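Trainee: I have a chain on screen and some questions about it. Can we go through them one by one?

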Amino acid sequence: MTDPHRLDAPAAPPLAASPLAASTLAASTQPSSGSGRIPGLDGLRALAVVAVVVFHLNPAWLPGGFLGVDIFFVVSGFLITTLLVREHARTGRLDLPAFWARRARRLLPALLVVIPFSVLLAWVSERDLLVGIGPQVLGALTFSFNWVQIAAGSNYFAATSPQLLTNLWSLAVEEQFYLAWPLITLGLLIAIRSARSRIGIVLILAAGSGFLMAARFDPEVGATRVYYGTDTHVFGLMIGAALALWWTTPEIRGPAFWIARRRPATALALGVLAGLMWWLDESRPLTFRGGLVLASVASAVLIASAITGGTLARALDLPALRWIGERSYGIYLWHWPVILVVNADYGPVPGSAGFGWTRLWCVVVILALADLCYRLVELPVRRRGWRGAVDLWARQLPGRADGRRVLLIGATTVLLLAGAALASAPGMTSAQQQIVLNEKAAIRSPVPDSAVSEPRAADFSMPMGEEIDAYGDSMMVGSVPALKYYFPGIRIDAKSNRRWSSGYRAVLASGTDIRRAVVLSFGTNAGVTEADVRATLDRLGSHRMIVLVNVHLNSTRASSDNAALKRVAADYRNVVVADWSARVRTERTLLQSDGIHPSMTGQHAYAAVVRQTFADLSVARTGIEVRLPVLPIP
């Protein structure tokens, strides 16, 4: 995510002061006022941040909304490179200390407010959100958040382990770009005389980054390395930089070149970007094998359209979009911690009653915090510098002649409290603690080979606990006590982080030592792979009663995963789906604070759903009514 910077820094006066203003078309990029703002780009930033926020509010609403980050990358690459080229054309040099100082004034004020207050909000609402917070804060303050998270094995798309500051990964990529790119740009401007060659070199860098993402992406391992990595995700910034180098070189662009092609190119880019946001999601390999690059190219086309006037530029410059765009940096910083805290407080389940109201409350809080941060923190530092901002804040304290001292005491208090929160952060979430405790009881004890024999005929009577084997992932691990309570004698083989492929291997490893009724519960970690599900069912055979437990996730793939399980089960007479997802939507207390794993009450609901599903399968195949005793929750 980028900061909402513009070409309004002291070292970058209006374009007319530069020789690049020679062409009429270049002059069309000149700000409409002395502020240095380029009309249309605030609106484009607004659309980008709205897409990201919608995606995080509920991925099902906009599966590819995370592409908004790539729009920001392209905008950032374009604006920063344009600023650098203008300064060099005007002065023959780049004042790098001044450039980095301006970037610090743009980035750090809001960041230094968001981090401690987010930590404190989590501390007083849900301490589970503070798990792993130390490395997150360290990464955020050292501009290395993405690499810290790669080293820790974190996953931006992992709904099962959300981190309080995970959205700062993209800010780290941009900060690294701000540190390195001015030096590279200066080298290009000095060493490479041909403008076409400079553009070619930058496009080669973009293509190389996109190729690295595609080549290094492994669906079995996940997208963390290629999505977070600066080397594999810098292509958007490079595409924006190439656009800037092309746009600021009138002799190779030509006044009429873009205007003649703007309308169809803009329509195509809008269609491509909208289609990608609707269709791409984190589970599609195409997302990381060209999808993000294509989105970046489409974003570059929209930038070129926005800065040259026309219908799109006028639409993007509407007051509401400008208001959001100006605050897009703060909106991005605040939105993820706010969503996590609201989720922890209200425990909303997508599709449940009241879910929409919690999303609306998130939006209200995000916009309020972003606006306050913009007006009270960002603008004062940007316009007056650090000392000037402190003086302003001190003077605005009512009835205080010693305003600076009050500010110092207040800031120190906040930092001390945040430090206390960091020091007391738990090592594991409550869900993880429960899973660790239950995992020891989820080890399957094999029966001696001499005592094992395959069932010879199908028996669809309601199974007892000693007739059931269960294989699963952390969802089943979290429900071990309840499964043993509802099914005395059940054998459970469950481990965290298992995929369907792991479940298939566990069934294979059991050989013939498998009872006549089986529960299979996978898909939380890496989705449902239909081939693995079918292979597992074929191995178990048609003479066993089999229950597939579907998944509940605040993820775009949950509905498609559950549809796949239902589709597969329809092809097997002895297989039925336990609709855990539907059960969860009826009661928020069934889930722990992570919104994924069952709570103490939820594990009994999980076991009850499995028991009822076995009963339904028995009735459907035997026609004999099954009366299930009501078991009190212990």
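Mentor: Start with a term: helices here are DSSP runs of H or I with at least four residues, and strands are runs of E with at least two. Keep in mind that this is a predicted model.

Trainee: How many helices and strands does the secondary structure of the chain come to?

Mentor: Apply those run lengths along the chain. The count comes to 26 helices and five strands.

Trainee: What share of the residues of the chain counts as buried?

Mentor: Buried needs under 20% relative accessible area. The chain has 634 residues. The buried share is 55%.

Trainee: How many residues of α3 are buried?

Mentor: Helix α3 covers residues 68-91. From first C-alpha to last, α3 reaches 35 Å, close to the 34 Å expected. This helix is mostly covered. Of its 24 residues, the buried ones number 21.

Trainee: Which residue takes a positive phi just after α3?

Mentor: Helix α3 spans residues 68-91. Just after α3, a phi of about 80 degrees is found at G92.

Trainee: Which helix gives the largest share of the lining of the second largest pocket?

Mentor: This pocket has a volume of about 1,300 Å³. Among its 44 lining residues, L112, V113, F117, V377 and V414 are the closest to its centre. Helices α4, α5, α16, α17 and α18 each supply at least two lining residues. The largest share, 15 residues, comes from α17.

Trainee: How many residues of that lining are nonpolar?

Mentor: Sort the lining by class. Three residues are polar and three are charged. The nonpolar count is 38.

How values were computed: Residues numbered from 1 in each chain as written. Predicted model: local features only at pLDDT ≥ 70, side-chain atom pairs only at ≥ 80, totals over all residues. Heavy atoms only, no water. Expected span 1.5 Å × (residues − 1). Buried < 20%, exposed > 50% of the residue type's maximum accessible area, 1.4 Å probe, protein only. 1 Å grid on protein atoms, 1.4 Å probe; cavity = no way out; pocket = protein on both sides within 12 Å on 5 of 7 lines; lining within 4 Å. Points joined across faces, edges and corners; volume = space filled by probe spheres on them. Nonpolar A, V, L, I, M, F, W, Y, C, P; charged D, E, K, R; others polar.
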